[in-house]
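Here is a short briefing for a first look. Please keep the sequence and the model side by side as you read.

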Amino acid sequence: MQQILPVWRDLTNTRKAVVIGAAVAIFLAVLGMSRLVTQPHMTLLYSGLDTAAAGEVIQSLQQKGIPFDVQGTSVLVPATARDQLRLTLASEGLPASSGQGYELLDTLSGFGTTSQMFDAAYLRAKEGELARTIVASPDVASARVHIATGSDNPFRRDLAPSASVHVSARSGTISRSQVQAIRHLVASAVAGLAPEAVALIDAQAGLVSDDGDTMIASRDKDRTDQLRDRVLRLVEARVGRGNAVVEVSIDSITDTESITERRFDPDSRFVISSDSEERSDQS
């Protein structure tokens, strides 16, 4: 220490500042590395959960004293405990599905359960199972299924069953192939239901029909956004950014017309018929 003090006094103020800054930097680096080593590595536990299911998972983690981190719709936990937590939460029925399926029938007992109650519970269970199957697609975020059997009026036998499906895609709108697949899935699960009797509603495009209305609505939305952005840039260049609001609406007319015309001009000459003959001789 006695040897360091003379050296420290001989240093200029600039060198003293450099030494102090280097010492502080080394101290902060060591502190950061120690915290990085002691902090557990966080990895993804669940992603894309709805609000209710994510809240139940977080509540269970808090009761277990497990550290977690929430980033948007993703729940992160320490990597060393992820697999065990998934098994433990699965045994507790978490994350809970947005819709209940055939487990609704487990709550029914033989006493006090009428046929109407059982039919209603069975219909709800089938709707929940169909919604689960639809959500199993990686392109579908959520789905709700409603089935009308048409058997409420026993005096009318001409009532055919129908169904409606509300679907929210993870990005954009659902494709035409997915629309057909969902309709045939629901129709195949309900006796006497035709695919044409299944109404499919997209969360962004609205009612979807077989003639490609979803693609038309998506294309109109893209054109609307492009036109609004262009007009907004022109207006903001005049009044300043953030001082203008622009709304644009586009209605597309998809009607087509085909015209076939046959014209006969008596003054013109044209060939009514022609014959061609070809001969080949070889000697």
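Strand E3, residues 74–78, is mostly covered, with 5 of its 5 residues buried. The model is predicted.

**Strand E3 and its partners**
- Strand E1 covers residues 42–47 and runs antiparallel to E3.
- E1 and E3 are joined by 5 bridges.
- In this pairing, Ser47 stands opposite Ser74 of E3.
- Strand E2, residues 69–71, also runs antiparallel to E3, and 3 bridges join the two.
- Across from Val70 stands Val75 in E3.
- E2 and E3 make a hairpin with 2 residues between them.
- Gly72 sits in that turn and has a positive phi of about 70°.

**Ser60 in helix H3**
- Ser60 belongs to helix H3, which takes in residues 51–64.
- Is Ser60 buried or exposed? Its relative accessible area is 5%, and the cut-off for buried is under 20%, so Ser60 counts as buried.
- Which residues does Ser60 contact, leaving aside neighbours within four places in sequence? They are Leu89, Glu92 and Leu94.

**The nonpolar cores**
- The largest nonpolar core has 21 residues.
- Ile134, Val145, Val165, Val167, Ile182, Val186 and Leu193 touch the most other members of this core.
- At least two residues of this core come from each of helix H5 (115–135), strand E4 (140–148), strand E5 (162–169), helix H6 (176–189) and strand E6 (198–202).
- Another core, of 13 residues, lies apart from the largest one.
- Among the residues of this other core are Leu49, Leu61, Val75 and Leu85.

**Helix H5**
- H5 has 21 residues, so at 1.5 Å a residue it should span 30 Å.
- The end C-alpha atoms of H5 are 30 Å apart, which agrees with that span.
- The buried residues of H5 are Ala121, Ala125, Lys126, Glu127, Gly128, Leu130, Ala131 and Ile134.
- An α-helix has 3.6 residues a turn, so residues three or four places apart point the same way.
- What do the buried residues of H5 pack against? Their partners are E4, E5 and H6.

Key
Residues numbered from 1 in each chain as written. Predicted model: local features only at pLDDT ≥ 70, side-chain atom pairs only at ≥ 80, totals over all residues. Heavy atoms only, no water. Buried < 20%, exposed > 50% of the residue type's maximum accessible area, 1.4 Å probe, protein only. Helix = DSSP H or I, 4+ residues; strand = E, 2+ residues; numbered from the N terminus. Pairing = 2+ DSSP bridges. Contact = heavy atoms within 4.5 Å. Core = buried A, V, L, I, M, F, W, Y, C linked by side-chain atoms within 4.5 Å. Expected span 1.5 Å × (residues − 1).
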